[in-house]
Amino acid sequence: MFEKATRSRDKWFTVLCRDNNKDIARLGLAISKKHCRHATGRNRIKRVVRESFRQHQDELAGLDIVVINQVATATAANQQLFDSLARHWQKCRQSTRQKGAQE
């Protein structure tokens with residue numbers, strides 16, 4: 001996943017995505033204890049990521065996605081995280097379309 005993935009990064013998340021040659025989108029989470037010490041905080045981040053992914057799942061069909069948290073996610077509001085993820089999903093869709101057009 002990490003070798004051929006398209007990378008999108010901001011203050012809150014690093015998102016890796018690549019084609020999976022299937023009709024569904026798949027999500028992987030790497031929410032580290034190093035960046036968010038409290039389990040309740042990590043669980044909140046996971047809930048936000050899963051919900052955002054669920055809302056955009058139809059648009060992301062055919063992609064494998066891994067979301068990695070940054071230090072700032074621990075103190076960010078849920079709406080900031082949702083907005084950030086929406087931008088990442090859009091970048092993933094655009095980058096995979098561009099790669100598909102090139103091939």
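## Order of the elements

From the N terminus on, the elements of the protein follow the order β-β-β-α-β-α, which comes to two helices and four strands. Helices (H or I, at least four residues) and strands (E, at least two) are DSSP runs, numbered from the N terminus.

This is a predicted model, in which local features need pLDDT of at least 70 and side-chain atom pairs count only at pLDDT 80 or more, while totals for chains, interfaces and linings use all residues. Residues are numbered from 1 along each chain as its sequence is written, and side-chain values use heavy atoms, with hydrogens and water left out.

## Overall dimensions

The radius of gyration of the protein is 13 Å, which agrees with the value near 13 Å that a compact globule of 103 residues would have; this radius is taken over C-alpha atoms, and the globule rule is 2.2 Å times the number of residues to the power 0.38. Along the principal axes, the C-alpha atoms fill a box of roughly 45 × 25 × 20 Å.

Among the contacts (heavy atoms within 4.5 Å) with a separation of 6 or more, 79% are between residues 24 or more positions apart.

## Burial and cysteines

Of the 103 residues, 41% count as buried, where buried means under 20% relative accessible area, exposed over 50%, and partly exposed in between (1.4 Å probe, protein chains only). Cys17 is buried, with a relative accessible area of 1%, and Cys36 also counts as buried, at 4%.

The count of disulfides is zero, a disulfide being a pair of cysteine sulfur atoms within 2.5 Å.
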